[in-house]
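Here's a quick tour of a two-chain model, with an eye on what holds it together. Have a look at the structure first, and then we'll go through the salt bridges, the interface and the cores.

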Amino acid sequence: MLLAFDHVTKRFPSGVEALHDVSFAIQDGDFVSLVGPSGCGKSTALRLIAGLTEPTAGALKWNGKPPALGFVFQDPALMPWTTVEANVRLPLDLAGLDAATARTRVDEALGLVGLSAFANAYPRELSGGMKMRVSLARALAAKPSILLMDEPFAALDELTRERLNDELRELWATQKLTIVFVTHSIYESVYLSSRILVMSPRPGRVVADIAMDEPRRRDPEFRISPLYGERCRAVRAALQTDDAR
Amino acid sequence: MNRDHILAYALPALVAVAVVLGWEWAVAAFEVQPFVLPAPSAIVAAGIENWSSLMASAWITIRTTLAAFAIALTLGVALAVIFSQSRMIERAFLPYAVTLQVTPIVAIAPLVAIWVGLDNGETAVLVLAVIVAFFPILANTTLGLRSADRQLHELFDLYRATRWQRLVRLQFPAALPYLLAGMKIAGGLALIGTVVAELSAGTGTSTGLAWRISEGTNRLQMAKVFAALALLSAIGIAIYALLSWIERQALKRWHESARPRE
């Protein structure tokens, strides 16, 4: 176990309850997707893990001390006034890492997302997909053991999104990452995850915990396989049972 | 240089030539008295004749304007940074900054002149010009420091950035376009403030261009007044052009305002 939500409730000052008595555990090396309609508190769960907000009741329990985190927002959230290289280096600069180590790490991270040639470009010179890659590289540069992603590909076109999905699977497999991925896309979650937590809205609860163990290797073939269709149906069913209630 | 570019310079130049020629002709044709409206040729002549005294005055005005601008810039940015660090301080002091700004400078001028001493005309002018120029810097920088992207702020939270890191790496760069826009306004206001202050608080010890203008008016030397006016305009244009250039250089690589339209 890496992290457990132990009866976590999160209520905002406005009185809205984003999460209600939520408990689940995340294993080391999981690719967990949180799927649900808007307002189900999936982003709030992510922000709780990141420590950007605190639970109202219950607790988050880490196995040991909280590890290095990476966060990828829905927008690339790049600093427009500086280069790709400086954007990726930001977490390292903030941590006060020495210049030489930082340089190696940045080169590595940019290599992982295939943007080595764009180190000196400015964000506005990049396409939407490339900006998202820079954002991913920035998260990876800090060598996180857990990567939190909040609907990162929602604003991208279909083809770019599929390509980035493949790359993300590849990164997860090769970099020994634990990924918590928030999305409202059933297809995306089925394609990417090793496990899907289906959430219901107002207040947010986990209504289904579906393992997506095999196949380990996923490619465009998987998208048209019967297994893929079957799993999409299962996730959809879990989302809909809840709507009926 | 494409066609648009040439036209952008050629058209205003053409207007200037037409106006000057028409003006010269009208003054002669209608026998306008030189103390009402001197001919352009008379203005140029007066400019050449009084060259050294006009230049000496222009230098005083420029020096005061630049000093006022520099002080306003430093004060405005420093105060904006303090405001950005504490909402309480901002709430406590912003109303007074606004009050100082909206009170007509001409009305404060005599007071300031007395406080700094009547024989320190130049200091009085400087203080007044600073009061006029500093507000746009303060207002714009305060807004700019607050305008950084919310998700970037969260990123800085996530990586446990210190206040200083956040200020220098996030808030300052985000505020830069606002600050530069404020500087363009403040540059013009510093000159206006200097001239107004010279007129209203200037004494025999501060003999900037505004002093030349009021002196020339009193003696009905209108050609000299116009020559001084032309110099003031030139200074104003130069300040604006310089600040626009700095703005372009600072923002051209990243800011939307500096992106060429396609």
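Which side chain meets that of Lys143(A) in a salt bridge? The partner is Glu108(A), with N to O at 2.8 Å. Keep in mind that this is a predicted model. Lys143(A) sits in the loop between α4 (128–141) and β6 (146–150) of chain A, while Glu108(A) belongs to helix α3 (residues 99–112) of chain A, so the pair ties together parts that are 35 residues apart in sequence. Lys143(A) counts as partly exposed, at 45% relative accessibility, and Glu108(A) is also partly exposed, at 42%.

**Salt bridges**

Searching the whole structure turns up 22 salt bridges over all chains. Here are some of them:

| Pair | N to O distance |
|---|---|
| Lys143(A) and Glu108(A) | 2.8 Å |
| Arg169(B) and Asp93(A) | 3.3 Å |
| Arg161(A) and Glu188(A) | 3.5 Å |
| Arg219(B) and Glu215(B) | 3.7 Å |

Take the Arg161(A) and Glu188(A) pair, joined by a salt bridge. This one links distant parts of the chain, with Arg161(A) in helix α5 (residues 158–175) of chain A and Glu188(A) in helix α6 (residues 186–192) of chain A, 27 residues apart.

Over in chain B, Arg219(B) pairs up with Glu215(B) in a salt bridge. Arg219(B) counts as exposed, with 53% relative accessibility, whereas Glu215(B) is buried at 16%.

**Where the chains meet**

Between chain B and chain A the count is 3 salt bridges, plus a count of 6 residue pairs in polar contact, both residues at pLDDT 80 or more.

The size of an interface is often given as the accessible area lost when the parts come together. Here the two chains bury about 2,200 Å² between them, and 62% of that is on carbon and sulfur atoms. On the chain B side, Tyr159(B), Arg253(B) and Trp254(B) lose the most area to chain A, together 32% of what that side buries.

**Nonpolar cores**

Now for the inside. The largest nonpolar core has 83 residues, and Phe5(A), Ile49(A) and Leu148(A) have the most contacts inside it. The helix α8(B) gives the most to this core, with 11 residues. What does Leu148(A) touch, leaving aside its neighbours within four places in sequence? Its contacts include Leu46(A), Ile49(A), Ala50(A), Leu69(A), Phe71(A), Val72(A) and Val180(A), along with Gly70(A). There's also a second, separate core of 50 residues, with Ala102(A), Ala109(A), Ala139(A) and Phe153(A) among them.

Technical notes:
Residues numbered from 1 in each chain as written. Chains lettered and ligands numbered in written order. Predicted model: local features only at pLDDT ≥ 70, side-chain atom pairs only at ≥ 80, totals over all residues. Heavy atoms only, no water. Buried area = accessible area lost by both parts, 1.4 Å probe. Salt bridge = Lys/Arg side-chain N within 4 Å of Asp/Glu carboxyl O. Polar contact = N/O pair within 3.5 Å; in protein donor to acceptor, adjacent residues only side chain to side chain. Core = buried A, V, L, I, M, F, W, Y, C linked by side-chain atoms within 4.5 Å. Buried < 20%, exposed > 50% of the residue type's maximum accessible area, 1.4 Å probe, protein only. Helix = DSSP H or I, 4+ residues; strand = E, 2+ residues; numbered from the N terminus. Contact = heavy atoms within 4.5 Å.
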